[in-house]
Amino acid sequence: MSDDICGLRGFASGLAAAALLALMLTCASARAANVAVCAGTESVDYTPALKLATQSGTIANSDAFTCTSNDPGAASGTTANAFPASYSCLGPLGEIGDEGQQTIAWADATTSVIDAALFTDNAVGGQYTFITTGTVTAGKFAGATATETVVLPTLSALQCLTTGIGHVSGPLTMTIAGA
């Protein structure tokens with residue numbers, strides 16, 4: 001009879017180990033899902049300032065945002081880049097120059113490199129809405145899809161005619177999901 005009890009104990013121990021392993025795999029799988037939902041502000045500087053006539057110059061973008069994420073190191077992030085472009089108050093505000101790679105610097109000193117693939121630039125009621133979608137190719141959240149939406153304000157026609165507009169900023173949202 002003690003063999004039967006020992007057999008049951010072995011069976012019960014095996015079931016407990018299997019249940020623990022299944023729980024560990026489930027938890028690891030849940031942690032592996034890359035998720036960050038972020039909100040913040042994008043700032044854009046034009047040198048020289050935007051005017052009615054198209055001109056060549058430099059556009060400098062910077063983003064700052066806070067996030068809700070399953071990765072505590074992604075509580076906040078920033079980006080910054082500058083590129084040459086042609087722009088005017090009458091055309092796209094130059095966000096399209098963001099094509100290519102964008103690097104996010106996260107709160108925990110890690111980075112994510114996003115290769116942008118799809119750009120949508122809409123002007124509605126004078127406001128510009130930019131939607132960029134890409135894949136995180138390196139760093140934190142590698143393999144995930146990133147989508148960023150930026151809304152920049154209506155430009156002042158008077159400023160476009162006179163001194164020009166050197167700076168605009170607006171809200172941004174970003175979601176990183178998958179992989």
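These questions and answers walk through one predicted model.

Residues are numbered from 1 along each chain as its sequence is written. In this predicted model, local features need pLDDT of at least 70, side-chain atom pairs count only at pLDDT 80 or more, totals for chains, interfaces and linings use all residues, and side-chain values use heavy atoms, leaving out hydrogens and water.

Reader: Over which residues is the pLDDT below 50?
Author: pLDDT is the predictor's confidence in each residue, from 0 to 100. The protein chain averages 79. Where pLDDT is low, the predicted coordinates should not be read in detail. The stretch with pLDDT below 50 is residues 1-32.

Reader: Which residues does K140 join in a network of salt bridges?
Author: A salt bridge puts a side-chain nitrogen of Lys or Arg within 4 Å of a carboxyl oxygen of Asp or Glu. K140 meets D71 at 2.8 Å, N to O. K140 also pairs with D108, the closest N and O atoms being 2.8 Å apart. The network links K140 with D71 and D108.

Reader: Is K140 buried or exposed?
Author: Buried means under 20% relative accessible area, exposed over 50%, partly exposed in between (1.4 Å probe, protein chains only). D108, at 34%, is partly exposed. K140 has a relative accessible area of 12%, so K140 is buried.

Reader: How many residues does the largest nonpolar core have?
Author: A nonpolar core is a set of buried Ala, Val, Leu, Ile, Met, Phe, Trp, Tyr and Cys residues joined through side-chain atoms within 4.5 Å. F65, W106, F141 and I176 have the most contacts inside the largest one. Its residues number 31.

Note on methods: Contact means heavy atoms within 4.5 Å.
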